[in-house]
Amino acid sequence: MTLPATVIRFALRKVQPTTQPARTDIVAAMSAFSLPIFKYHPDPVATGSIKPSDAQCRACGQVRGFIYTGPVYSTEELHHAICPWCIADGTAAEKFDAEFTDIGWGVPADVPKAVRLEVSQRTPGFSSWQQDHWLYHCADAAAFLGPVDGSAAGAHPDAWEMLFHENDQSGWSYEQTRSYLYSLSRDHSPTAYLFRCVRCGRHLAFSDSD
Ligand SMILES: [Zn+2]
Ligand SMILES: [Zn+2]
């Protein structure tokens, strides 16, 4: 059965909301659906590296509704000045000779150069207390899941194990290590940074303090 045009028009009118949401809310909601996909940083809004913002991107000149808030390694000051799209397509890295993670050390030799470049130049980084760095597994970069506290890290025994042995070389006792791990906090020092291998799914973590 085909509905007469007048009925369809009435139905359409009925679903119109009586109060319109603010335009910025609509822009932010629409952009969120189409945020670029970052293989090695799958939810940068949840981790806090990308935030809703009316700031203009210095790379594309547009106000996209979201801005990158993590570290930028470049000669220009680019704090809260790059949109996620200009990170994803390499525009910001190329334009400002910028990197978003300092991967200068600790990269296993079996990780291809293309992966290192994707992490440093086309993936949002994250802020840590002293020295952000990435983690790797299965000859690939791992996906950054976010800063976590002790109980969130403890939910992943493989990551917990890494954290537990982080200070072995410094001669920490079992009790020292235990109280350190239980003091981990998402918002205060020390903090754990959780990753997941994109190939085997193993969880990895390191911690950092101020
Ligand atoms: Zn941009
Ligand atoms: Zn793996």
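**A shared core and the strands around it**

The largest nonpolar core has 26 residues, and those with the most contacts inside it are Ala 153, Ala 192, Leu 194, Phe 195 and Ala 205. Such a core is a set of buried Ala, Val, Leu, Ile, Met, Phe, Trp, Tyr and Cys residues joined through C-beta atoms within 7 Å. A residue is called buried if 20 or more other C-beta atoms lie within 10 Å of its own, exposed if 12 or fewer, and partly exposed in between, with C-beta atoms placed from the backbone. This is a predicted model, in which local features need pLDDT of at least 70 and side-chain atom pairs count only at pLDDT 80 or more, while totals for chains, interfaces and linings use all residues. Residues are numbered from 1 along each chain as its sequence is written, and chains are lettered from A and ligands numbered from 1 in the order in which they are written.

Two or more residues of this core come from each of H6, E4, helix H8 (157-164), E5 and E6; helices (H or I, at least four residues) and strands (E, at least two) are DSSP runs, numbered from the N terminus. E4 gives the most, with six residues. Domain 1 (20-127) and domain 2 (130-210) both contribute, so the core lies between them; these bounds come from an automatic or database domain assignment. A second, separate core of 16 residues includes Val 72, Cys 86, Ile 87 and Phe 100.

Six of its seven residues are buried, so E5 is largely enclosed by the rest of the structure. E5 pairs in the antiparallel sense over six bridges with E4, where Phe 144 stands opposite Phe 195 of E5. Strand E6 (residues 203-208) also pairs with E5 in the antiparallel sense over six bridges, and Asp 208 in E6 is the bridge partner of Thr 191. Pairing here requires that DSSP finds at least two bridges between the strands. Five residues separate E5 and E6 in their hairpin, where Gly 201 takes a positive phi near 85°.

Helix H6 (residues 113-121) has the buried residues Val 115, Val 119 and Ser 120. They cover an arc of only 125° around the axis, which puts them on the same side of H6; the arc is that of the directions from the helix axis to the C-beta atoms. Strand E4 (140-148) is included in what covers these residues, a contact being two C-beta atoms, placed from the backbone, within 7 Å. The face turned away from the buried side carries the exposed Lys 113 and Ala 114.
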